[in-house]
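Subject: Structure for you to look at

Hello,

Please find the structure below, with notes on what turned up when I went through it. The notes follow the order in which I would look at it.

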Amino acid sequence: MILQLPPRRSPDAAVPVLVAFIAVIALMLFLASGSFGQYPGGICPSPYDPFVLGRYPLQTATPVAVERVEWTPLQADGCYYLYRGSRQIGGYRASTGEMMHYVGDRWIGAPAVTIKAKSPTACPCGEQCKCGLDPCLCVTGKPGVGDPLNFGIDLGEMERHKRLAYRLNGHEVSREAAVDALTLTDDTAGRIGYVVAVGNDQVAKDWTEAATLAPFREVFAFQSYKTDDVMPAKLGYSAPGVYVVAKDQSKGPLAYQGPEQLGGILDGIKNPKTPLMDVNIPSWVWVTAIIVTILNIQAILTQLLQFLNDPTNAAAVATVLSLLLSSLHIRGSLPVFLTTILNKILGQPTPAPATPGTPTAHPVLDAVLSKLQERLGGATPVGFSVVPVAGADANTLAITLHTAEVSAK
Amino acid sequence: MRPLALAIAFTIFAATVATAGDDAGKIQPGGSTSPDGKAKVVIDLPVELRLHNAGGMGRGGPGTGSGLCVPTSIEHLARYQNERAVWGLQKWMTTREGGAYPEKVTRILNQYAPGTQYVQHTGGDEGFLKLALKTGRMVGVTYNGRDAFYQNQPIDHMVNLVYLDDQQAAILDNNREKSYVWMSRDEFLSRWRGTGGGWAVVLLHVPPPPLFAAPKQPRTS
C-alpha cells in the first residue's frame with residue numbers, strides 16, 4: 001500500500017459515561033445543525049462541518065469537546081495525513097495526487113474516490129493553511145502574532161488609524177476634499193453620458209489626446225474594454241465598436257472613424273438643435289383633434305358661411321385679403337383680378353378700373369381719388385378697391401388705391 | 001440513570017448557549033437579490049472576475065505568508081471599474097509580505113500602479129460608504145466576521161461592500177467569493193467598525209457604464 005502510516009493509537013474502551021457524553025455531543029450537534037437551514041442553496045460548507053470545526057475550534061466556555069481535523073505532513077515520504085483528533089482518517093500523496101480514506105485499520109478507496117477535501121498543496125496558502133478545505137480559508141496572521149483569524153490586516157499598524165481620517169492618493173485631506181473627489185465624477189454632477197469603446201485602443205488614445213474631444217471629457221465618462229472582457233459583455237456592449245450612451249438615447253456599436261466623427265456625435269447630444277416649431281404635443285392630442293375636425297367639418301363650414309353672410313364680416317375679410325394681395329407686390333393686373341374675384345365671392349361690389357385723372361362724376365369720390373394719387377406721389381395706380389367700412393354706416397366706404405409698390409387708403 | 005439525567009441537563013444547557021450565541025443568524029449568503037427580495041446589488045462583479053484570497057510571501061515561498069485580503073479587495077475594485085493598471089495586484093503581492101494598513105496600500109499602489117487615483121478612509125463614516133456606492137463604485141471595507149461562516153468568532157479581514165441602504169447591506173467576501181453575503185445595515189456597520197474602527201478604500205476610476213439598451217431598429221422585411 002502506498003500510505004502506510006498507522007493510526008497513532010486505538011480508541012479507548014468505552015465506558016457508560018463516555019457513551020452518554022458522546023450521545024450528548026451528537027444531540028447537540030443535531031440541534032445546532034438547525035442553522036444549516038439558513039443557507040438555502042448556498043455554496044458555503046456548513047459551519048458545523050467537522051472540517052471547519054477543526055480549523056476554528058470553539059473557544060467559548062461551553063464544555064463542547066470537538067476533535068481537531070488537520071493535515072499533518074511527513075517530510076520523509078512526501079505525504080500528508082489527515083487526522084481527526086488523534087485518529088487518522090485519510091492520506092494524500094502530493095506527488096501522485098492520490099487521496100484515500102483510512103477507516104479502522106485499513107485504507108479504503110482508490111485514487112478515483114472523491115474525498116471532500118482539498119489537497120493542502122493546492123491551497124494558495126500552502127502548508128500554513130493545512131485545512132484542505134474547499135473553499136480554502138487562508139488563515140494567516142502576521143508572523144509571530146499568531147492570530148489564526150487574521151486574513152491580512154496589520155492590526156499593530158491599524159491601531160494608529162482608529163480616528164476619523166480621509167486620504168486622497170496617500171495624502172491626508174479634509175472630508176470635503178474626499179467627498180469632492182468622489183462627487184466630481186458623479187452622474188448627478190452634470191455628466192451627460194458614457195462613451196464606451198470595445199476592442200479599439202485608438203479611441204482611448206484619441207479620447208485623452210485629441211483636441212476635438214476635449215470639450216466632452218468633463219461631461220462624458222469614458223471606458224475602454226478589450227474585445228474579450230467579461231464586463232462589457234455582461235452590460236450589453238457585446239460587439240466591438242464605439243457606443244455612446246446618454247440619458248435619453250443610445251448609439252452603437254459605431255465604426256470608429258476618428259475624433260471628428262465622435263466629436264460630431266457627442267456635440268449633437270450635448271447641444272441638441274431644437275426645431276423652430278418644436279412644439280411637443282403628444283400624439284393623442286393630434287389624433288383627437290383630427291377626429292373632432294372630421295366629425296364637425298360640416299358644422300365648421302356652416303359656421304364659416306354664416307360668418308361671411310354678415311356684410312360687415314365679409315367686408316372685413318375682403319379688406320384684409322385685399323391688403324394681403326396688395327402686399328404681394330405682384331406687378332400687372334393680377335391683384336385687380338384677384339380682388340375682383342374675392343369681392344364676387346364675398347358678394348361685394350366689383351370696383352371699376354380707375355383711370356387716373358378721370359373724374360368719376362362723383363365729386364366726393366373724385367376728391368378722394370385725387371388725394372390718394374397725391375399720396376402715391378404721382379405714380380400710376382394699377383388698381384383700387386372700394387369696400388364698406390366695418391362698423392360704419394352704409395355710405396362710408398374705404399377706398400384703397402395702389403400701385404405695384406405702394407398703396408394709399 | 002444518572003448519566004442519562006446528566007446528558008439531558010447538559011443538552012438543554014448546550015442548546016441554550018448555542019442559540020444565545022448565534023447573534024449573526026440573519027447574516028446569510030445569497031445572490032444579487034437580498035433574501036427578502038427588497039434590495040438588489042447594483043455593483044455586481046461577474047463571478048468570472050472574482051478572486052479568492054491568497055497569502056503573501058512566507059517561509060514556504062510565494063503564497064504561504066500573511067493574508068492578502070486587502071490587495072484582493074482592491075483588485076476587485078479595479079476589475080469592476082476597469083482600472084487596468086491595478087489588475088494583477090494580488091498575484092504580484094504573493095511574492096511580498098502580506099498584511100496591510102493604509103500607508104502600505106499607498107506604498108504598494110505607488111509601486112505597482114503609479115498614477116492610480118484612490119481615496120482611503122478610517123474612522124467609520126457611514127456617509128462616505130454611501131456616497132461611494134451612490135457614485136457607482138465598489139468599496140473595500142474591513143469586516144469583523146462574527147457570522148456563522150467564521151463560527152461567530154471575530155476576525156480581521158477586508159471584503160468588498162456592494163450594497164448599503166438604511167436597512168440592509170451586502171458584501172463580497174474573498175474567502176467565499178462565489179456568492180454575496182447579506183446582512184442588516186447595523187450588523188454590517190458593527191462588523192466594519194470592528195477592525196481598526198472602520199477602514200475603507202475606493203478607487204476613483206469611473207464606474208462601468210449602465211446596461212446598454214440598443215436603439216430600436218425599424219423592421220425592413
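A place to begin is helix α5 (residues 126-134) of chain B, where B:E126, B:F128, B:L129, B:L131, B:A132 and B:L133 are buried. Please keep in mind that this is a predicted model. The N-terminal end of α5(B) is capped by B:D125, which has a side-chain oxygen 2.9 Å from the backbone nitrogen of B:G127. Just after the helix, B:G136 has a positive phi of about 85°.

B:L129, B:L161 and B:F188 are the residues with the most contacts inside the largest nonpolar core, which has 81 residues. Strand β4 (residues 154-164) of chain B supplies the largest share of this core, seven residues. Leaving aside residues up to four places away in sequence, B:F188 touches B:L129, B:V141, B:L161, B:L164, B:A169, B:I171 and B:M183. Another core, of 18 residues, lies apart from it, and includes A:V195, A:V203, A:A210 and A:L262. As a general matter, nonpolar side chains tend to be buried together in soluble globular proteins.

Also in chain B, B:K26 sits in the loop between α1 (2-21) and β1 (28-30). B:K26 counts as exposed because its relative accessibility is 65%, and the cut-off for exposed is over 50%. Even so, B:K26 touches B:W182, B:M183 and B:E187, again not counting residues up to four places away in sequence. B:K26 and B:E187 are 161 residues apart in sequence, while their C-alpha atoms are 9.0 Å apart in space.

Two loop residues of chain B have backbone angles to note. Most residues other than glycine have a negative phi. B:N82, in the loop between α2 (69-81) and α3 (89-93) of chain B, has a positive phi, near 60°. B:R146, in the loop between β3 (139-145) and β4 of chain B, also has a positive phi, near 55°. Are these two buried or exposed? B:N82 is buried, at 4% relative accessibility. B:R146 has a relative accessible area of 19% and therefore counts as buried, since the cut-off is under 20%.

Now to chain A, which has 12 helices and 14 strands. Of its 409 residues, 35% count as buried. Its accessible surface comes to about 23,700 Å², and 61% of that belongs to carbon and sulfur atoms. Taking the contacts in chain A between residues at least 6 apart in sequence, 46% join residues at least 24 apart.

In chain A, strand β9 (residues 220-225) is mostly covered, with six of its six residues buried. In a regular strand the side chains alternate between the two faces of the sheet. In β9(A), A:F220, A:F222 and A:S224 point one way, A:A221, A:Q223 and A:Y225 point the other way, and all are buried. Strand β8 (residues 193-198) of chain A pairs with β9(A) in the parallel sense, over six bridges. Within this pair, A:V198 stands opposite A:Y225. Between β8(A) and β9(A) the chain passes through helix α5 (residues 201-209) of chain A, and this β-α-β crossover is right-handed.

One last item concerns a peptide bond. Most peptide bonds are trans. The bond from A:G252 to A:P253 is cis, with omega near 0°. A:P253 lies in strand β11 (residues 250-254) of chain A.

Regards

How values were computed. Residues numbered from 1 in each chain as written. Chains lettered and ligands numbered in written order. Predicted model: local features only at pLDDT ≥ 70, side-chain atom pairs only at ≥ 80, totals over all residues. Heavy atoms only, no water. Buried < 20%, exposed > 50% of the residue type's maximum accessible area, 1.4 Å probe, protein only. Helix = DSSP H or I, 4+ residues; strand = E, 2+ residues; numbered from the N terminus. Pairing = 2+ DSSP bridges. Right-handed = clockwise from strand over helix to strand, strands pointing away. Polar contact = N/O pair within 3.5 Å; in protein donor to acceptor, adjacent residues only side chain to side chain. Core = buried A, V, L, I, M, F, W, Y, C linked by side-chain atoms within 4.5 Å. Contact = heavy atoms within 4.5 Å. Areas by Shrake-Rupley, 256 points an atom, 1.4 Å probe, with all protein chains shown as cover.
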